[in-house]
Amino acid sequence: MTKNIALCGIVEELIRTLEHCGEFRLFRFGDEPERRGDVKLAYFLRDGPPVALAVVGYPGAKGLTACDYLRTQNRALPILWLCDRSEFEPEAKRIGV
């Protein structure tokens with residue numbers, strides 16, 4: 001069974017790599033002038049098919065804000081945040097990311 005993975009703020013190179021795996025159905029949510037990708041993803045989580053994992057690729061505070069917003073929309077969804085700044089780790093753990 002193919003698992004649905006939702007992506008926001010992910011660089012195109014990583015998306016292409018994931019697409020080659022073929023084991024997942026990817027839903028991509030990018031930023032637009034009228035709506036951020038994480039907001040579009042939150043609507044999708046409410047109205048779309050079930051998602052096994054959300055992956056957030058925004059860096060720094062923008063990523064933490066996106067994760068926090070998504071967590072308020074869905075308490076149970078596993079969220080993976082791709083961030084290389086360790087100072088955000090305590091807060092990410094606190095919100096379950």
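The model is predicted.

Four strands build an open sheet. Their order is β2-β1-β3-β4, and the pairing is parallel. Strands of a sheet pair through backbone hydrogen bonds, in either a parallel or an antiparallel manner. The edges are taken by β2 (24-29) and β4 (79-81). Each of these has a single partner strand, so one side of each is left without a neighbour in the sheet. From one strand to the next, the twist averages 20°.

Strand β1 covers residues 3-8. Four bridges join β1 to β3, and the two run parallel. Within this pair, Ala6 stands opposite Ala54 in β3. Helix α2 packs on the sheet. The strands touched by α2 are β1, β2 and β3. The direction of α2 makes about 130° with that of β2.

A further helix, α3, spans residues 60-73. Helix α3 lies across β1, β3 and β4. Relative to β4, α3 runs at about 175°.

The loop between α2 (37-47) and β3 (53-56) contains Pro50. The relative accessible area of Pro50 is 72%. This value is over 50%, so Pro50 counts as exposed. Pro50 and Ile5 are 45 residues apart in sequence. In space, Pro50 and Ile5 are 9.1 Å apart, C-alpha to C-alpha.

How values were computed: Residues are numbered from 1 along each chain as its sequence is written. This is a predicted model: local features need pLDDT of at least 70, side-chain atom pairs count only at pLDDT 80 or more; totals for chains, interfaces and linings use all residues. Side-chain values use heavy atoms; hydrogens and water are left out. Buried means under 20% relative accessible area, exposed over 50%, partly exposed in between (1.4 Å probe, protein chains only). Two strands pair if DSSP finds at least two bridges between them. Axes are lines fitted to C-alpha atoms, for helices over the stretch in contact, and angles run from 0 to 180 degrees between N-to-C directions. Contact means heavy atoms within 4.5 Å.
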